[in-house]
Amino acid sequence: MFWYQQLPKNGLKLIVSSTSWSHNSYEDGYSEAKFEVNRESSNYALMTIKNVTPKDEATYFCATSKH
């Protein structure tokens with residue numbers, strides 16, 4: 001599972017990737033303290049944005065891969 005952030009008038013930026021067999025992998029500038037991902041099964045994941053501020057205004061996307 002991959003989570004992306006698209007700030008207004010910008011391209012997509014990867015926040016975090018999560019696999020069913022390993023821990024979450026955060027990109028530089030992002031952390032679990034702000035973007036918490038819970039993966040309860042290989043078919044379900046939830047990302048929570050903590051302490052939301054106006055700077056977090058964006059469109060967020062998730063994507064999956066079978067590999």
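Strands are DSSP runs of at least two residues, numbered from the N terminus. The model in the viewer is predicted.

**Stop 1: Asp56**

Select Asp56, in the loop that runs between strand 5 (44–49) and strand 6 (59–63). Is Asp56 buried or exposed? Its relative accessible area is 12%, so Asp56 is buried, because buried means under 20%. Now show the side chain of Lys34 as well: a polar contact of 2.7 Å joins it to the side chain of Asp56. Setting aside residues up to four places away in sequence, Asp56 touches Lys34, Ile49 and Asn51.

**Stop 2: the aromatic rings**

A pair of aromatic rings is described by the distance of the centres and the angle of the planes. The structure holds two aromatic pairs. For one of them, select Tyr30 and Phe35: the pair is edge-to-face, with 5.5 Å from centre to centre and 65° between the planes. Tyr30 and Phe35 are both buried.

Phe35 has a relative accessibility of 4% and counts as buried, whereas Tyr60, at 23%, counts as partly exposed. With Tyr30 shown again, you have one aromatic cluster of Tyr30, Phe35 and Tyr60.

**Stop 3: around Phe35**

Which residues are in contact with Phe35, leaving aside its neighbours within four places in sequence? They are Gln5, Ile15, Tyr26, Tyr30, Met47, Thr48, Ile49 and Tyr60.

**Stop 4: Gln5**

From that list, select Gln5, which lies in strand 1 (residues 2–6). Gln5 counts as buried, at 6% relative accessibility. Its side chain makes a polar contact of 3.0 Å with the side chain of Tyr60. Among the residues that Gln5 touches, not counting those up to four places away in sequence, are Tyr30, Phe35 and Tyr60. Gly11, Leu12 and Lys13 are also among the residues touched by Gln5.

**Stop 5**

In soluble globular proteins, nonpolar side chains tend to be buried together. To see the largest nonpolar core here, select its nine residues: Met1, Trp3, Ile15, Val16, Tyr30, Phe35, Val37, Ala45 and Met47. Which elements give two or more residues to this core? Colour strand 2 (12–17), strand 4 and strand 5 to pick them out. Tyr30 and Phe35, the edge-to-face pair of the second stop, are both members of this core.

Note on methods
Residues numbered from 1 in each chain as written. Predicted model: local features only at pLDDT ≥ 70, side-chain atom pairs only at ≥ 80, totals over all residues. Heavy atoms only, no water. Helix = DSSP H or I, 4+ residues; strand = E, 2+ residues; numbered from the N terminus. Buried < 20%, exposed > 50% of the residue type's maximum accessible area, 1.4 Å probe, protein only. Polar contact = N/O pair within 3.5 Å; in protein donor to acceptor, adjacent residues only side chain to side chain. Contact = heavy atoms within 4.5 Å. Phe/Tyr/Trp six-rings, centres within 6.5 Å; stacked < 30°, edge-to-face > 60°. Core = buried A, V, L, I, M, F, W, Y, C linked by side-chain atoms within 4.5 Å.
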